[in-house]
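The following exercises ask you to read a structure step by step, with a worked solution after each task.

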There are 2 protein chains.
Amino acid sequence: MALPLGKILYESGDTQRHVFFPTDAIVSLLYVMESGASAEISVVGNEGIIGVSLFMGGESTPSRAIVQSAGTAYRLLGERLMEEFNRHGELQNLLLRYTQALITQMSQTAVCNRHHGIDQQLCRWLLLSLDRLSGNRLIMTQELIANMLGVRREGVTEAAGKLQRAGVINYRRGHIEVLDRSKLEEMSCECYAVVKRETDRLLPYLSAR
Amino acid sequence: MALPLGKILYESGDTQRHVFFPTDAIVSLLYVMESGASAEISVVGNEGIIGVSLFMGGESTPSRAIVQSAGTAYRLLGERLMEEFNRHGELQNLLLRYTQALITQMSQTAVCNRHHGIDQQLCRWLLLSLDRLSGNRLIMTQELIANMLGVRREGVTEAAGKLQRAGVINYRRGHIEVLDRSKLEEMSCECYAVVKRETDRLLPYLSAR
DNA sequence: TCAAGTCGGTGCGAAAGCGCACGCTGCCGC
DNA sequence: GCGGCAGCGTGCGCTTTCGCACCGACTTGA
């Protein structure tokens, strides 16, 4: 199915009836506070699945799943996934390993939120998104990024300006082009590397792509 | 086995051979950065298990497990846990549900780190610890709390001073006594409530205690 | 082609947290 | 009973981020 930008796959607390496997879409798990402020918990692309709480047994989570980059995904009825999960074969194994990778990403998000500045967080975020897309272009307003990072839009403007002046990215009105990926990695904090390394370790079949 | 304060159960990246079930000890999952700065990812007491990565399939995590409040725990060889896990019965179910509760705690830590001040985070942290102990006393220096929250020791001093002046806690040289728990909950952010509610939902048998 | 709306740039003052330095005090061991 | 030290209090300047306000520029559609 098509996943347009901004589509909400699950709302906080919703009983999740389906799981989603993005192909070229990116979905963010976002927590929205009572005040309306928000913070991204993790980002899911075609390496992963939306709806881990189904097979983890909770059937819902306190966070929202929202499409951050338009594309398509496969949708599967929860019951069908569970049939296969309960065969306790390779799929179960895979799903649990993916879930551990997700846990690593969430942990590192917590660490990054605590210790790193907006500049570094933006780098981490761009890299995580880039890894889940083909090409080096993101369609993404600064306002949206700000919502994901849980910071002010002006803060993103400033950080993005620095990256642009450093020749790392180029952007105009919602289109971001990454010009120098290795420099982006240099300017990022260790958080990205930790997540990347752990994801590759847990899901080695992905690296082959 | 006895778990003295400060004991490290796993170091980052260690292959985990055992799992631990705390009885009256509290263990923190802590990420330590290259710079030496640290941040707590989640806290585990007798509601949980240390070493979820064993049955999740990763066998290690990038974080450290360190005893934050001395006490005792059961230790079980990983292979034995896996034998039982692979019977796909109620234990597997329980472990996965616990892991989802852990995920919620990590997510909320990320949110809290982003949006809330030291005062509120201290409240959340005290409540999470208190829930995992009997009684209303913690043996805990401000320096240790600062390491867990990933803030300066002075920041904790200031926040704890506010709580003391408000009559919520009383402390002296490493001993904290909670005088007014309901007020502590009031002064905390929504993060504690979210974690508490979700833990109770996922592990209802705990509420009965 | 032009009006309206979205997106991004900039400039304040305020607040929170940090790093550092120094000093006090209650506790523990000799 | 007394020294030493761990644990806590406090002050100060600096940096980062926030909140708010306003403006300019690009895009889109009637």
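**Exercise 1.** In which hand, left-handed or right-handed, does α5(B) pass α6(B)?

*Solution.* Bear in mind that this is a predicted model, in which local features need pLDDT of at least 70, side-chain atom pairs count only at pLDDT 80 or more, and totals for chains, interfaces and linings use all residues. Residues are numbered from 1 along each chain as its sequence is written, while chains are lettered from A and ligands numbered from 1 in the order in which they are written. Helices (H or I, at least four residues) and strands (E, at least two) are DSSP runs, numbered from the N terminus. The crossing of α5(B) and α6(B) is right-handed, a term that applies if the near helix is turned clockwise from the far one by less than a right angle, whereas anticlockwise is left-handed.

Next, take the geometry: the two axes, α5(B) and α6(B), come within 8 Å and cross at roughly 110°. That angle makes α5(B) roughly perpendicular to α6(B), a class that covers 65 to 115 degrees. Axes here are lines fitted to C-alpha atoms, for helices over the stretch in contact, and angles run from 0 to 180 degrees between N-to-C directions.

Finally, list the contact, for which C-beta atoms, placed from the backbone, must lie within 7 Å. From α5(B) come Gln142(B), Glu143(B), Ile145(B) and Ala146(B), and from α6(B) come Arg153(B), Gly155(B), Val156(B), Thr157(B) and Ala160(B). By class, these residues are four nonpolar, three polar and two charged, where Ala, Val, Leu, Ile, Met, Phe, Trp, Tyr, Cys and Pro count as nonpolar, Asp, Glu, Lys and Arg as charged, and the others, Gly among them, as polar.

**Exercise 2.** Work out the order of the open sheet of four strands in chain B, and find which strands stand at its edges.

*Solution.* The order is β2-β6-β4-β5 in chain B, with antiparallel pairing; two strands pair if DSSP finds at least two bridges between them. The edges are β2 (8–10) and β5 (38–44) of chain B, each of which has a single partner strand, so one side of each is left without a neighbour in the sheet. From one strand to the next the twist averages 35°.

Now follow one pair: β4 (residues 26–32) of chain B is joined to β5(B) by six bridges, and Val32(B) has Ser38(B) as its bridge partner. Helix α3 (residues 90–115) of chain A lies across β4 and β5 of chain B, and runs at about 135° to β5(B).

**Exercise 3.** How many residues does each chain give to the contact of chain A with chain B?

*Solution.* Chain B gives 34 residues and chain A gives 34 residues. On the side of chain B, α3(B) gives the most, with 15 residues. That side divides into 14 nonpolar, 15 polar and five charged residues.

**Exercise 4.** Describe the surface near DNA strand D, and state which element supplies its largest share.

*Solution.* Begin with the count: 17 residues surround DNA strand D, and the closest include Gly117(A), Gly155(A) and Thr141(B); a residue is near if its C-beta atom, placed from the backbone, lies within 6 Å. The largest share, four residues, comes from α6(B). By class, this surface has four nonpolar, seven polar and six charged residues.

Technical notes:
Contact = placed C-beta atoms within 7 Å. Parallel < 35°, antiparallel > 145°, perpendicular 65-115°, else oblique.
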